[in-house]
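Morning, everyone. I have one structure to walk through today.

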Amino acid sequence: MQKTKGPAVVATFLVCFAFWVLLDFSFKAEELLAGAIVSLLVALFASRFFIHEDAGWFFKPAHFLALIKYWCFTFIGELVKANVSMARICFGGCTDIHPGIVKIPTEMKSDYGLAALANSITLTPGTITMEVTEEEGQNYLYVHWIDVKETDPEKAGEAIKGTLEKGLRGVWQ
Amino acid sequence: MLIRIIIDLLIVGGLVFAVAGTIGILKMPDPFSRMQAATCISTMGVLGVALGGILYTIFVMHNSAAAIKIVAIALMILATNPVGSHVIAKGAYSHGYRPKKKMDTDDLGRDFNE
């Protein structure tokens, strides 16, 4: 557990306040003031859980644009592909499956990068991340895969997360 | 008129994936595979219906505040759903649940249960 830091509080405050404006959607002075007070209180309490690395990191335009690009093109493309194959399995009577758990290595180093990659893998139908471990400086993901085509770790990793990881490497290291 | 057709197609497309996921939940042989099928509902099902709802609120209801709220709902579901799936799968596995039919490979069991 780390201590509360100034930049982390500011970043958490900005996120909370943006979310307040988004949900409230009125721009009267008293509403904005109430939102600011609540956001500041939440930021003081929660910033040390919310931010573990460089706080101003997300507000750099290059990173933000890379994240938007990842979301709108790379991830949605993979999502549609995986969904269509999953729907085909389901409408075909759910008999054509070969489930298994494979261990795949990943290049990701930072906490946020690992979390984003694991969540992206879980969100694509057909793969669920079950465990993240670190062995000798290399991070590994254990992935439940509904249709195991490769048991070799490198090839399975390429099939599961090849394009996802390439897209995310532009955002996190 | 054209926009209504697009909205209807988006919502029906989302529902097709939701039906596929439901069939998967009912017919898959073990809990892990069942969760894989359920992911279909919470991704393409939600995205299709939400996109249709966004277009409906903008072009038919002329209410962009509601559209932004639907965007927030879709983002929230996409952000929170994988955490739940991951914890349920990991909990079921570490509690000792295994599929009746043997899995093709089981690296997690190989590395942790010996």
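Start with chain B and its contacts. Take those between residues at least 6 apart in sequence: 61% of them join residues at least 24 apart. A word of caution here: this is a predicted model.

What is chain B built from? Four helices and zero strands. Along the sequence, the pattern reads α-α-α-α.

Now its dimensions. The C-alpha atoms of chain B fill a box of roughly 60 × 25 × 15 Å, taken along the principal axes. The radius of gyration is 19 Å, whereas a compact globule of 114 residues would have one near 13 Å. And burial? Buried residues account for 33% of the 114 residues in chain B.

Next, the two chains together. How many residues of each chain are in contact with the other? On chain A, 33 residues; on chain B, 35. Look at the chain A side. Several elements each supply at least two residues there: the helices α1 (6-24), α3 (61-91) and α4 (111-123), and the strands β1 (100-106), β2 (127-135) and β3 (138-145). The largest share comes from α3(A), with six residues. By class, that side of chain A has 21 nonpolar, ten polar and two charged residues.

Let me zoom in on one helix pair. Helix α4(A) packs against helix α3 of chain B, residues 64-94. Their angle is about 85°, and their axes are 9 Å apart. The two helices are therefore roughly perpendicular to each other. Which residues make the contact? From α4(A), they are A:Ala118, A:Asn119, A:Thr122 and A:Leu123. From α3(B), they are B:Leu78, B:Asn81, B:Pro82, B:Ser85 and B:His86. That contact divides into four nonpolar residues, five polar and no charged.

Last stop, the cores. The largest nonpolar core has 50 residues. Which of them touch the most other members? They are A:Met86, A:Ile101, A:Leu117, A:Met130, A:Val143, A:Leu168 and B:Cys40. Helix α2 of chain B, residues 31-59, gives this core its largest share, eleven residues. Apart from this core lies another, of six residues, including A:Ala8, A:Ala11, A:Cys16 and A:Ala43.

Leave out residues up to four places away in sequence. Within chain A, A:Met130 then touches A:Ile101, A:Tyr142, A:Val143 and A:His144. Across in chain B, A:Met130 touches B:His86, B:Ala89, B:Lys90, B:Tyr93 and B:Leu108.

How values were computed: Residues numbered from 1 in each chain as written. Chains lettered and ligands numbered in written order. Predicted model: local features only at pLDDT ≥ 70, side-chain atom pairs only at ≥ 80, totals over all residues. Core = buried A, V, L, I, M, F, W, Y, C linked by C-beta atoms within 7 Å. Buried ≥ 20, exposed ≤ 12 C-beta atoms within 10 Å, placed from the backbone. Contact = placed C-beta atoms within 7 Å. Nonpolar A, V, L, I, M, F, W, Y, C, P; charged D, E, K, R; others polar. Rg over C-alpha atoms; globule rule 2.2 N^0.38 Å. Axes fitted to C-alpha atoms, helices over the stretch in contact; angles between N-to-C directions. Parallel < 35°, antiparallel > 145°, perpendicular 65-115°, else oblique.
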